[in-house]
Amino acid sequence: MLLLRGNDVRKRHSTRGGRRAAATAAVLATLALGGCNAGGATGTGQAAPASRPAAPASPTASPTADARAWHKWGLTPLRPAPAPPADKAVKLSADGPVPVLTRIPTTQKVVFITLDDGQEKDPRFLEMMRDLHVPITMFLTNDVIKGDYGYFRHLQGLGNHIQNHTLHHPVMSTLPPGRQKEEVCGDQKTLTARYGAAPLLFRPPYGVYDTDTKAAVAECGPRAIVLWRESMQIHNMQYQTPGRKLQPGDIILAHFRGPSELKGTTMTQMFANLLKRIQEQGFTVARLEDYIRPPAA
């Protein structure tokens, strides 16, 4: 797996055209191995820590789902998530540069599931989430959700947060600064209007960003860029670390995908496989936003 690091992506050439060409070449290499359109990608940047009203209430992982509900989906219950620390390890500020997160500093055996794009709108997945109460964070692209905003409102009503993933899902580092700002600010405005809470976090498509992306994010409202350590495919995860094991606080990437993208596998089957892989390694799932302190109002 190719690992794109923030410093590599942000290297500039003597002309903007040269910089875009280099970024495009790097992105094409990444997409050949997997990316948002393929159900998995890589991306890292620097790290460390945004200002928004709190989104929906946060039930912790699987407090009410009983064993029969889990059995319905071919699963055994995950351990309930521990209470998140009162003193958040990630504290976001209302101004200044936005940090880039790939994991949350914690010793608790928890991981965080994020779902990107919003292309698949499987009603069975809504049923699964109502049964299991597993927390997710949704990074949504307006271009693929605009036909059914209500689908994601149902998931938000279960306590899941909606975050920014651009208007059209471009490779951000290939765009000039003005276009990058349109992508981030446009999605921020639409998601805020549709879901009643301004996204606190931003995920660049394919995990690719540059200094112009960070500037656009800071200007448009989100207060952190969120990447990932593992990406879920169909049956197993791809790992960015040599040990190929989950670590406390890892952020996992998955996608709203259906049988046409998952070789006949449904989204609920893919998600069940993901929960099995997490459980096999002795982890449970916590809510990402419960471990991040937003900026003071």
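**Contacts and cores**

Modeller: Leaving aside neighbours within four places in sequence, F271 is in contact (heavy atoms within 4.5 Å) with I113, L115, F125, M128, M129, V134 and I136. This is a predicted model, in which local features need pLDDT of at least 70 and side-chain atom pairs count only at pLDDT 80 or more, while totals for chains, interfaces and linings use all residues. Residues are numbered from 1 along each chain as its sequence is written, and side-chain values use heavy atoms, with hydrogens and water left out.

F271 is among the residues with the most contacts inside the largest nonpolar core, together with F125, F152, F256 and L275. That core has 42 residues. A nonpolar core is a set of buried Ala, Val, Leu, Ile, Met, Phe, Trp, Tyr and Cys residues joined through side-chain atoms within 4.5 Å. Buried means under 20% relative accessible area, exposed over 50%, and partly exposed in between, with a 1.4 Å probe and protein chains only. At least two core residues come from each of β3 (110-117), α4 (123-132), β4 (137-140), α6 (149-157), α7 (177-195), β9 (237-239), β10 (251-255) and α9 (267-280). The largest contribution is from α9, with 7 residues. These labels are DSSP runs numbered from the N terminus: helices (H or I) have at least four residues and strands (E) at least two. Apart from this core lies another, of 31 residues, which includes V110, F112, A286 and I292. In soluble globular proteins, nonpolar side chains tend to be buried together.

Take one of the contributing strands. In β10, 5 of the 5 residues are buried, so the strand is largely enclosed by the rest of the structure. I251, L253 and H255 point one way, while I252 and A254 point the other way. Strands pair if DSSP finds at least two bridges between them. By this rule β3 and β10 are parallel partners over 5 bridges, with F112 bridged to I251. Strand β8 (residues 230-232) also runs parallel to β10, joined by 2 bridges; here S231 is the bridge partner of L253.

Next, one of the helices. Y149, Y151, F152, L155 and Q156 are the buried residues of α6. Seen down the helix axis, these residues fall within an arc of 160° (from the directions of the C-beta atoms), so they line one face of α6. Their cover includes α4, β4, α5 (142-145), β5 (161-164) and α7. H154 and G157, on the other side of α6, are exposed. Just after the helix, G159 takes a positive phi of about 105°.

The sulfur atoms of C185 and C220 are 1.9 Å apart, and the link is left-handed, with -90° about the S-S bond. It joins distant parts of the chain, 35 residues apart: C185 is in α7, C220 in α8 (residues 211-220). C185 counts as partly exposed, at 25% relative accessibility, whereas C220 is buried, at 12%.

How values were computed
A disulfide is a pair of cysteine sulfur atoms within 2.5 Å.
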